[in-house]
Amino acid sequence: MTRKQKLETLFRQHYRQMYRLAAMLLHDDAESKDIVHDVFAQLLASSTELHEDTAAAFLLTSVRNRCLNVIRGRKIQERVQRLYLLDLDTTIIPKDLFREETKALTKGINLLAPPVCREVVELHFRDGLTFREIALRLGVSETTVYKHLRHALQQLREHLKKD
Amino acid sequence: MNKTDLLFQMMEQPQAYTEQQWQEILSDEECRELYTLMAKTQSAFDVQKEIDDETIDDEWKRLTAPSGHKWLRIAAMFVGFLLVSGIAIAAIYMIQSRSVEPTRTEAEANFSLFTPHSSPQEPVRFSNASLDSVLSVVSHHYHHAVCFQNDTLRQLRFTIAWDSIQPLATFLESVNEFEGLQLVDTRDTIFVNAEKEVQP
């Protein structure tokens, strides 16, 4: 098997996991694909040999570091606009905890009550609507949207504590 | 307004607030915790996106395309160069092109955004152009962002000259002579505020 074939195998084997990590940090489909692309472009251009048992850790660390570089290069307003985590620079994220926390949040979102809380969360985070757009869609004020969102986030926080 | 509502409001238009304002709100423990939870909630939705085999095939092809990749990079760099260094000229050219073959709506409205000019050194004259389009050209030239206090302000129409050699402050001063309008340059952002309610 040539080096390129080995890298293709690794690419196909780890792409989803690498993409997901980038998407979780950058919240952007195209940027996440570019991050994974750049990691492998560098590997293709270099002579770095990856061992099967450490490849996954190496690839995920590479993705994480590149994402951090992207985040660090942006002003606070841009970070907030893109909803980047703020403590990444100093916090090491345990891979499993991050995964468990995400699972717990997904479960928590499905349990949100009353339904309007879940609707607000889905419209904002899943569909990308602004608070003003949500207010218009639901026929309520923005302050009411804030109230539902705050209530939803309180429930999610409680759910994370229990889980 | 309580502090969490303020946080939500700020998140709706992050560019409208200074770095210091952001540092202040995010130094509040409750607000920071809330923000972090929102970021993680976003991640919980992002992680649900399915990546199919076809996408992986396409991405591998993109990675290993022998020359196309390089050309794409060069094209992207070229486009980036145009966007950064020549955005004003590009915008003027595009709008002039449109004025040569105006759409029916524009012809009926009988206006053009720019009066053609022969030299880049000459002032650009915006003719009955919306403030939104004026500022999109001007802000790109000075590498600024634009933040409108409300959407009505975007639709205000102006006939005004802009000399791109002059500093931004000079242009803002001339716009500020219009009653009821206040444009402020703060931290690489032009904030457009109405001193009172204005009609488009």
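Let me start with chain A. Among its contacts between residues at least 6 apart in sequence, 58% join residues at least 24 apart. Keep in mind that this is a predicted model. The scores are ipTM 0.92 and pTM 0.62.

What is chain A built from? Its secondary structure comes to eight helices and zero strands. Along the sequence, the pattern reads α-α-α-α-α-α-α-α. Chain A has 163 residues, and 30% of them count as buried.

Now some details in the loops of chain A. Here is the background. Most residues other than glycine have a negative phi, and most peptide bonds are trans.

Go to His27(A). His27(A) is not a glycine, yet its phi is positive, about 55°. Where does His27(A) sit? Look in the loop between helix H1 (3-26) and helix H2 (29-45) of chain A. Is His27(A) buried or exposed? His27(A) counts as buried, because it has 20 C-beta neighbours inside 10 Å, and the cut-off for buried is 20 or more.

Next, Leu83(A). This residue is not a glycine either, and its phi is positive, about 60°. Leu83(A) lies in the loop between H4 and H5 of chain A. Leu83(A) is buried too, with 20 other C-beta atoms within 10 Å.

Then there is a peptide bond to look at. From Ala113(A) to Pro114(A) the bond is cis, with omega near -5°. Pro114(A) belongs to the loop between helix H5 (95-110) and helix H6 (115-126) of chain A.

One more stop in this chain: Leu138(A), in helix H7 of chain A. How does Leu138(A) count, with 15 C-beta neighbours inside 10 Å? Leu138(A) is partly exposed, because that class lies between the exposed limit of 12 or fewer and the buried limit of 20 or more. Val120(A) is 18 residues from Leu138(A) in sequence. In space, the two are 9.0 Å apart, C-alpha to C-alpha.

On to chain B. Chain B has ten helices and six strands. Of its 200 residues, buried ones make up 19%. For contacts in chain B with a separation of 6 or more, residues 24 or more positions apart account for 58%.

A word on confidence. The mean pLDDT of chain B is 73, and 69% of its residues reach 70 or more.

Three strands form an open sheet in the order S3-S6-S5, with mixed pairing. Which strands stand at the edges? Strand S3 (145-148) and strand S5 (181-186) of chain B do. Each has a single partner strand, so one side of each is left without a neighbour in the sheet. From one strand to the next, the twist averages 20°. As a reminder, strands of a sheet pair through backbone hydrogen bonds, either parallel or antiparallel.

Take one pair from that sheet. S5(B) and strand S6 (residues 189-194) of chain B pair in the antiparallel sense, over six bridges. Gln182(B) stands opposite Asn193(B) in S6(B). S5(B) and S6(B) form a hairpin with two residues between them. In the turn, Arg187(B) has a positive phi of about 50°.

Last topic: where the chains meet. The contact takes 31 residues from chain B and 41 residues from chain A. Which elements of chain B give two or more residues to the side that touches chain A? They are H1, H2, H3 and helix H4 (53-64) of chain B. H3(B) gives the largest share, 13 residues. By type, the chain B side divides into 17 nonpolar, six polar and eight charged residues.

Finish with helix H1 (residues 3-12) of chain B. Its buried residues are Leu7(B), Phe8(B) and Met11(B). Why do they share a side of H1(B)? They cover an arc of only 95° around the axis, which puts them on the same side. What covers them? From chain A, the cover includes helix H4 (76-81), helix H7 (131-138) and helix H8 (142-162). From chain B, it includes helix H2 (19-27) and helix H3 (29-46).

How values were computed:
Residues numbered from 1 in each chain as written. Chains lettered and ligands numbered in written order. Predicted model: local features only at pLDDT ≥ 70, side-chain atom pairs only at ≥ 80, totals over all residues. Helix = DSSP H or I, 4+ residues; strand = E, 2+ residues; numbered from the N terminus. Arc of directions from axis to C-beta. Contact = placed C-beta atoms within 7 Å. Pairing = 2+ DSSP bridges. Axes fitted to C-alpha atoms, helices over the stretch in contact; angles between N-to-C directions. Nonpolar A, V, L, I, M, F, W, Y, C, P; charged D, E, K, R; others polar. pLDDT = per-residue confidence, 0-100.
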